[in-house]
Amino acid sequence: MNLSFTEKEFYPTQVVKAELQGQRATFRTENSVALNVYILSAHIIRFRYSTDGYFHPDFSYGPDPSYQPISCKVTLIEEESHYELRTEEITCLFSKTNLGVTIQDKNGHIICQDEKGFHWEKNEEYGGDIVKMSKVCQPSEAFYGLGDKPTDLNIKNKRFVNWGTDNYGYNKNSDPLYKNIPVYYGLHEGIGFGIFFDNSFKSFFDFGSERNNAISFWAEGGEMNYYFIGGPSLLDACKRYTRLTGTPDMPPLWSLGFQQCKWSYYPESQVREIADTMRKWEIPCDAIYLDIDYMDGFRCFTWDKEKFPDPKGLVKDLKNQGFKTMVIIDPGIKIDKDYWVFKEGLEKGYFCRRPDGPFVNGKVWPGECYFPDFTNPDVREWWAGLYKELVEEIGVAGVWNDMNEPALFEVESKTFPLDVLHDHDGHLCSHRKAHNVYGMMMARATAEGVKQFAGGKRSLIITRSGYAGMQRYSSVWTGDNIASVEHLWLASTQAQRLSISGVSFCGSDIGGFINQPNGELFVRWIQLGIFHPFCRVHSSGDHGDQEPWSFGEKYTVLFKEAVELRYRLLPYIYTAFYQYHKEGDPMLKPLVFFDQKDTNNINKDHEFICGNDILVAPVLNKTGQRRNLYLPEGTWYSYWDNEVYQGAENYAPLYDLKTFPLFVQAGTVLPLYPVMQYVDEKIIDEVTLNVYYKNGEYSSYYYEDDHEGYGYENNDFRLAHFKLKGAGDYLELNQEIEGTFQVNLKTYRLRFIGHPEALNRLEIDGHLVELNDNVAIVSSAFKHLKLS
């Protein structure tokens with residue numbers, strides 16, 4: 001679609017009215033364009049345009065319904081050529097001539113400026129408007145975001161489509177993909193901001209691809225409705241976007257453990273063999289998955305009684321071995337008059353229909369299927385109830401929703417016809433509007449159902465498709481990837497991009513879903529995957545085995561060591577998740593979101609920050625070759641040998657297959673569990689704290705709760721805040737504890753790393769404590785520590 005000026009395009013004309021009521025400003029033009037400007041906080045401003053002066057009911061699945069605007073001072077001033085809308089942080093200038101918008105920070109620096117600004121075309125085929133926005137692209141500006149796009153982290157000079165698509169075996173720059181997250185971030189002259197284009201129709205984003213002086217976003221229907229999210233740091237803009245669209249509940253700790261999956265493990269004897277072999281090798285693992293072959297003819301909510309004669313017994317036996325059981329559920333319901341789910345859905349009228357009445361009939365795994373309308377709250381309630389047997393009676397611990405773009409076989413569009421009708425929570429619409437939210441609403445119904453029957457325990461939900469805000473209901477994976485070095489790199493960049501797009505609980509199919517990796521690639525992938533919040537091996541059985549022991553003992557041992565590191569780091573990862581849950585802090589940060597002042601970070605996508613204190617980079621070259629690496633400003637310790645590196649420098653370390661780039665920021669207090677075969681295998685009464693010396697001050701955190709219930713919502717958690725201060729002749733460490741949770745934790749094993757050798761006198765809360773080889777055992781309740 002060409003965005004140049006055409007006779008078909010329409011633009012706002014002279015502003016004839018402007019008024020401010022509380023935290024909403026309204027502008028109207030001679031040609032009936034209306035603009036409502038909502039000030040949600042001093043940093044977040046929403047722009048909602050109407051081409052005819054009338055607004056439809058204000059409804060979207062994107063923003064979190066519980067989000068509350070923050071009261072702030074707002075003024076509207078009329079100048080000769082423009083109106084000036086001010087908060088304490090942002091100033092918006094509205095041209096009287098054409099309603100063009102210029103956004104400045106409080107110091108008058110231009111952050112974001114309309115180029116053509118808002119304009120539209122009439123949609124001759126479907127009615128309504130094709131709504132467009134174009135803004136000035138600064139020469140030095142960089143852009144990030146848009147969810148799972150498989151491309152370079154900086155998306156300048158690229159164009160994308162948001163239209164959830166089953167893209168099997170995608171490659172770098174494939175587009176569109178499964179997810180539809182219309183948020184991007186801009187950075188120029190050290191100032192960062194975000195734009196959330198809340199429109200679920202098929203949408204497009206152009207970051208200087210068509211015209212290098214303009215960025216544009218547009219949609220084939222709906223409203224021009226976007227949020228400007230100020231920083232000035234990229235990280236703050238990201239946190240604000242994530243809080244706006246919602247953060248997830250805390251996950252069960254086991255869901256952050258290692259998980260093993262394949263298409264497909266069957267019959268029951270093979271599942272048991274996988275579990276037994278995992279324990280024989282002593283490879284920590286918390287979940288085993290059942291793909292579509294556990295079902296009776298791929299009918300959802302059924303079991304193939306020949307392959308799985310006693311599912312409840314199997315799930316119970318796996319639980320006794322420390323494994324949770326995960327199952328897949330797709331949206332397609334087989335057309336079968338003897339199938340109870342089909343009969344219920346048909347009788348209740350819960351399947352999607354065409355305008356003249358026929359149900360949508362499409363082929364997926366079971367054959368001909370009908371599809372529930374998950375945008376109907378009654379359908380979601382029904383769907384939630386279908387999980388009773390799986391979860392409450394059989395004991396399944398979580399559910400994986402696939403094929404929910406929605407995907408269809410044997411049709412060119414790969415999805416529903418565009419005229420299919422959806423309830424859209426009482427705002428009737430076509431599939432043009434509902435397509436991009438369909439998977440998210442399926443995940444929502446699944447999450448509500450599993451929670452209803454899980455007996456007060458948290459569960460794991462996974463979805464392949466979704467829209468902005470999907471993180472409120474589900475984790476995600478990056479879809480049907482390939483066993484290749486390119487996809488190892490893509491796994492890293494996609495996870496970073498998802499994380500800054502609000503969806504931190506993400507990961508890839510470790511080792512690749514399509515084709516089979518060699519042992520070295522498999523090991524390098526798990527060494528990356530252990531730093532992604534969702535850590536799962538998954539593969540297609542058509543291409544060979546992909547269990548940890550499939551490539552020979554040498555690689556099995558290396559794989560095991562990587563997974564053991566994941567389990568040691570679980571308290572750190574769980575703490576990072578708490579910060580994501582509480583503040584919207586992305587669990588994976590591109591270097592430019594960690595330090596945007598350093599212009600070297602703008603295009604860095606190999607290295608990333610896990611949590612706030614650990615830097616990781618996947619090894620993409622063959623073992624024995626040096627790995628180019630950039631460390632951000634500051635002092636860093638190699639995790640492997642505690643060697644000190646100074647940041648803002650390039651390095652080229654040599655890594656054997658056992659190691660990879662892994663650095664800890666100076667000042668960090670890093671909590672480590674003992675290795676376990678599965679989460680909560682043992683009662684943990686001692687946690688190791690690696691205390692990395694820093695000449696200066698630094699804060700770290702360590703979060704705990706009961707790992708599975710919802711008591712944390714009522715302050716039943718324990719959050720330790722460590723404040724470190726180091727100088728040449730001393731190191732001080734203070735601990736402040738928040739929350740009421742009573743942990744089993746009795747002691748910390750402190751390991752002091754990198755401090756001056758002369759510091760050897762350790763005092764805890766006024767008492768001398770013995771220090772042996774830089775290690776001390778102290779009470780987990782200590783308040784003040786001094787090493788001198």
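**Entry 1: salt bridges**

I started with Glu 84, which pairs with Arg 86 in a salt bridge whose closest N and O atoms are 2.8 Å apart. This is a predicted model, so I keep that in mind throughout. Glu 84 has 11% relative accessibility, so I put it down as buried, the cut-off being under 20%. Arg 86 comes out at 34%, so I noted it as partly exposed.

Next I went to Glu 121, which makes a salt bridge with Lys 132, and here the closest N and O atoms are 2.5 Å apart. Glu 121 sits in strand β9 (residues 110-122) and Lys 132 in strand β10 (residues 129-136), so this pair ties together parts that are 11 residues apart in sequence. Buried or exposed, I asked of Lys 132? Its relative accessibility is 1%, so it counts as buried. Glu 121 is buried as well, with a relative accessible area of 13%.

I found Asp 152 in the loop between β11 (142-145) and β12 (159-162), and Lys 172 in the loop between β12 and β13 (179-180), so the bridge ties together parts 20 residues apart in sequence. Asp 152 is partly exposed, with a relative accessible area of 25%. For Lys 172 I have 30% relative accessibility, and that also counts as partly exposed.

I then checked for linked bridges. Asp 166, Asp 402, Glu 405, Arg 464 and Asp 480 are joined in a network of salt bridges. For the whole model, I wrote down a count of 45 salt bridges.

**Entry 2: helices α2 and α3**

How do the axes of α2 and α3 cross? I looked at helix α2 (residues 268-281) against helix α3 (residues 311-320): their axes come within 11 Å and cross at roughly 5 degrees. Angles under 35 degrees count as roughly parallel, so I logged α2 and α3 that way. On the α2 side the contact is made by Glu 268, Val 271, Arg 272 and Ala 275. From α3 come Gly 313, Leu 314, Asp 317 and Leu 318. By class, I have 4 nonpolar, 1 polar and 3 charged residues in this contact.

**Entry 3: nonpolar cores**

Which residues touch the most other members of the largest nonpolar core? I listed Phe 258, Ile 329, Trp 383, Tyr 387, Phe 531 and Tyr 748, out of 189 residues in that core. Helix α7 (residues 431-453) gives the most to this core, with 9 residues.

Leaving aside neighbours within four places in sequence, Trp 383 is in contact with Phe 301, Ile 329, Asp 330, Pro 331, Ile 333, Pro 372, Phe 374, Met 442, Ala 445 and Thr 446.

**Entry 4: Ile 90**

Last, I looked up Ile 90, which is in strand β7 (residues 90-95). Its relative accessibility is 3%, so Ile 90 counts as buried. What does Ile 90 contact, leaving aside its neighbours within four places in sequence? I found Ala 42, His 43, Ile 45, Leu 85, Ile 103, Gln 104, Phe 228 and Gly 230. I also checked Ile 90 against Lys 337, 247 residues apart along the chain, and their C-alpha atoms are separated by 60 Å.

Terms used. Residues are numbered from 1 along each chain as its sequence is written. This is a predicted model: local features need pLDDT of at least 70, side-chain atom pairs count only at pLDDT 80 or more; totals for chains, interfaces and linings use all residues. Side-chain values use heavy atoms; hydrogens and water are left out. Axes are lines fitted to C-alpha atoms, for helices over the stretch in contact, and angles run from 0 to 180 degrees between N-to-C directions. Helices (H or I, at least four residues) and strands (E, at least two) are DSSP runs, numbered from the N terminus. Angles under 35 degrees count as roughly parallel, over 145 as roughly antiparallel, 65 to 115 as roughly perpendicular and the rest as oblique. Contact means heavy atoms within 4.5 Å. Ala, Val, Leu, Ile, Met, Phe, Trp, Tyr, Cys and Pro count as nonpolar, Asp, Glu, Lys and Arg as charged, and the others, Gly among them, as polar. A salt bridge is a side-chain nitrogen of Lys or Arg within 4 Å of a carboxyl oxygen of Asp or Glu. Buried means under 20% relative accessible area, exposed over 50%, partly exposed in between (1.4 Å probe, protein chains only). A nonpolar core is a set of buried Ala, Val, Leu, Ile, Met, Phe, Trp, Tyr and Cys residues joined through side-chain atoms within 4.5 Å.
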